[in-house]
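Visitor: I have a model open and I'd like to learn how to read it. Could you walk me through a few features?

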Amino acid sequence: MIRKLLVANRGEIARRVFATCRALGVATVAVHSDADADAPYVAEADEAVRLPGNTPVETYLRVDLILDAARRTGADAVHPGYGFLAEHAGFAAAVTDAGLTWVGPPAWAIAAMGDKIAAKELLAGAGVPMLPTWTDGDAVTDFPVLVKASAGGGGRGMRIVRDPDDLPTAVDSARREAAAAFGDGTVFVERYVERGRHVEVQIFGDTHGTVVALGERDCSIQRRHQKIVEEAPAVLPDGVRERLHAAAVAAGRAVEYVGAGTVEFLLAPTGEFFFLEMNTRLQVEHPVTEAVTGLDLVRLQLLVAEGGALPVPATPPADGHAIEVRLCAEDPTQGFRPATGTLHRFAVPGVAGAFTPTRGLRLDSGVTTGSTVGVHYDSMLAKLVAWAPTRAEAARSLAGALARAELHGVATNRDLLVRVLRSAEFGAAQVDTGFLDAHPEVFAPLLPADLLPVAALAAALAGAAARRAAAPVLAGLPSGWRNVPAVPQVVRYATTTGDEIEVRYRLDRSGALAYWSTDPTGTDPTTADTPDAPPLVALVSAAPDRVLLDVAGVRRVLRVHRAGSAVFVDGPDGAAELTELPRFPLPRAALAVGSLLAPLPGTVTRVHVGAGQRVAAGELLLTLEAMKLEHPVLAPTDGVVADLPVPAGGQVETGAVLAVVNPEEAP
């Protein structure tokens with residue numbers, strides 16, 4: 001029996017494993033980098049061991065440090081979570097060689113499936129259908145194709161190529177990203193299926209020769225080849241489910257599989273399906289399978305690792321429907337650029353449970369209010385899962401909870417996820433891996449542009465109420481009241497897009513009237529700045545954290561949260577993040593025209609041009625690596641490169657000048 005378990009991972013997966021361990025009476029050990037010292041998962045473990053440093057290579061990927069942590073704490077078992085070490089055959093072997101229980105498949109199965117090229121050859125012999133595959137880019141004759149990393153997954157090292165001339169560049173870029181993420185730059189090329197669906201089967205095996213399928217999941221909605229919406233069961237044509245399960249079980253038996261694994265397939269519009277890869281670990285999206293089967297998959301992992309027999313002899317029927325979304329710190333409108341910062345508030349309403357099988361809403365989160373989101377690790381903050389009797393109910397429940405969530409301080413993909421879940425195409429199960437490219441409308445913010453001034457007005461009124469509440473004298477005087485009614489109160493805000501909103505409001509003796517303006521000059525006739533003009537908005541009540549407004553006869557409650565100069569407004573139509581601007585701003589140093597600034601902290605991995613070189617708009621200037629992904633920096637216009645202040649290998653902070661392109665010298 002496992003007595004004390006060390007989890008060789010971080011964030012929400014560590015919290016997930018700890019939750020089952022607490023229920024089973026198993027003691028827990030966490031390992032953490034310096035950046036994660038105050039992370040929630042560290043606090044929840046019975047013991048924790050520091051791994052000096054911050055980057056994954058110097059901390060979480062150090063097999064020697066993790067085994068030493070197990071020795072120092074007396075742990076008798078290791079769970080790798082998911083990620084690189086979960087599919088590292090050498091790590092699995094090292095754990096068992098150290099006399100510890102490895103919670104995962106045997107090293108030989110990991111090795112067999114870890115090399116995706118060899119895995120295709122092995123499973124093709126077991127009758128699993130395959131796509132045409134090339135290991136030599138010069139031999140590719142059928143386009144479009146997908147370049148993929150042979151080691152690892154998660155969308156890293158993947159590139160779609162439609163033009164043969166682009167293949168060499170795509171292969172080089174994929175190799176660099178794969179090497180940085182997995183320590184192995186080997187890539188291969190396979191045929192790309194247009195409008196394909198990503199459907200995977202959860203399998204489980206034990207040491208007694210049993211391999212079963214626990215249902216399937218549709219993970220087709222992806223960005224950067226990484227899943228962001230997953231559901232179980234998948235909506236499939238007649239007869240496909242049984243064949244998928246049979247192929248997945250055949251793959252598991254071909255490698256005498258033990259533990260939790262996922263066999264991933266690409267489902268073509270014709271109903272044909274093809275093997276993609278086998279992940280020899282628990283998947284990020286496992287909660288949807290838990291929701292519809294009622295099984296705790298981590299409990300099954302521990303049971304199998306202890307030598308027990310699976311209590312599930314055959315595929316269980318799905319009960320209801322479950323949908324999961326990955327809430328990530330990133331800006332979808334900027335190419336899913338990762339975001340960093342402090343989560344001033346992280347609250348999701350209506351959550352029924354966390355980290356173990358739950359009916360209703362389940363939240364598996366790696367962060368809490370006050371957490372810092374840095375650049376060293378993946379951008380996923382949490383997974384929100386909804387279970388309901390039907391697919392439509394699950395989608396509606398999940399979208400509603402997301403829309404009402406208070407996510408303050410870091411940009412997220414929340415609005416995009418809500419729009420996807422509420423789209424007619426998703427409702428009709430008309431999804432494929434190109435869904436986001438085909439539906440640009442889901443990138444629009446939830447809050448309509450014409451209601452942004454209302455949010456700014458609420459921010460201003462809440463700020464006035466807060467100042468009045470803190471006033472040492474005359475606290476009963478209506479906030480914003482003036483003896484000169486012709487002069488309004490004025491507050492200016494910056495939006496996340498860099499625009500400015502100027503709010504003007506005037507309250508009468510009862511504190512009843514409020515106005516807004518987006519025109520700093522005051523010449524816009526809609527600003528209602530004359531005493532006789534009707535109010536655009538009537539103020540019903542205002543408190544420091546809650547404002548009730550009457551907008552054209554409709555009352556709207558807006559929740560307001562201030563963190564320094566940042567103001568977060570959540571309402572029935574969406575959320576807004578505003579920065580209150582000083583009334584008398586200090587002068588700032590001017591940047592050179594054409595300066596390109598770092599959007600987030602990172603490392604310049606490659607510089608593709610030289611100073612004095614002529615470039616065209618959209619040309620690649622340099623590559624910035626952050627949060628395990630490459631981010632291209634492109635020329636904004638035709639011009640001449642005037643300066644490249646950061647060399648390859650240089651570290652930069654947000655706002656640092658990466659390059660200067662002088663447009664005046666363009667031919």
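**Reading the model, feature by feature**

Guide: Let's start with strand 15 (residues 321–328), which is mostly covered, with 8 of its 8 residues buried. Keep in mind that this is a predicted model.

Visitor: Which residues of strand 15 lie on one side, and which on the other?

Guide: His321, Ile323, Val325 and Leu327 are on one side, while Ala322, Glu324, Arg326 and Cys328 are on the other. Every one of these is buried, leaving both faces of the strand covered.

Visitor: Which way does strand 12 pair with strand 15, and over how many bridges?

Guide: Strand 12 (residues 226–232) pairs with strand 15 in the antiparallel sense, over 4 bridges. To find one of them, look at Glu231, whose bridge partner in strand 15 is Ile323.

Visitor: Trp387 has a ring. What lies over its face?

Guide: That's Arg359, at 4.0 Å from the ring centre. You can find another case at Phe426, where Arg391 lies over the face, 4.4 Å from the ring centre.

Visitor: And how do I describe two rings together?

Guide: A pair of aromatic rings is described by the distance of the centres and the angle of the planes. A search of the whole structure turns up 4 aromatic pairs. Take Phe91 and Trp102: the ring centres are 5.4 Å apart and the planes sit at 90°, so this pair is edge-to-face. The pair links distant parts of the chain, with Phe91 in helix 4 (residues 89–97) and Trp102 in strand 5 (residues 101–102), 11 residues apart.

Visitor: Are Phe91 and Trp102 buried or exposed?

Guide: Buried means under 20% relative accessible area. Phe91 has 0%, so it is buried, and Trp102 counts as buried at 7%. Now try Phe265 and Phe273: their ring centres are 5.4 Å apart and their planes are at 80°, so that pair is edge-to-face as well. Phe265 is buried with a relative accessible area of 0%, and Phe273 is buried with 7%.

Visitor: Which elements do the buried residues of helix 8 pack against?

Guide: They pack against helix 6 (116–124), strand 10 (197–205), strand 11 (211–223), strand 13 (259–267) and strand 14 (273–279). Among those buried residues are Val240, Leu244, His245 and Gly252. Helix 8 itself (residues 240–254) has 15 residues and reaches 21 Å from its first C-alpha to its last, close to the 21 Å expected at 1.5 Å a residue. After the helix comes Glu256, whose phi is positive, near 50°.

Key: Residues are numbered from 1 along each chain as its sequence is written. This is a predicted model: local features need pLDDT of at least 70, side-chain atom pairs count only at pLDDT 80 or more; totals for chains, interfaces and linings use all residues. Side-chain values use heavy atoms; hydrogens and water are left out. Helices (H or I, at least four residues) and strands (E, at least two) are DSSP runs, numbered from the N terminus. The expected span of a helix is 1.5 Å times one less than its number of residues. Buried means under 20% relative accessible area, exposed over 50%, partly exposed in between (1.4 Å probe, protein chains only). Contact means heavy atoms within 4.5 Å. Rings of Phe, Tyr and Trp (its six-membered ring) pair if their centres lie within 6.5 Å; planes under 30 degrees apart count as stacked, over 60 as edge-to-face and the rest as tilted. A charge sits over a ring if NZ of Lys or CZ of Arg is within 6 Å of the ring centre and within 35 degrees of the ring normal. Two strands pair if DSSP finds at least two bridges between them.
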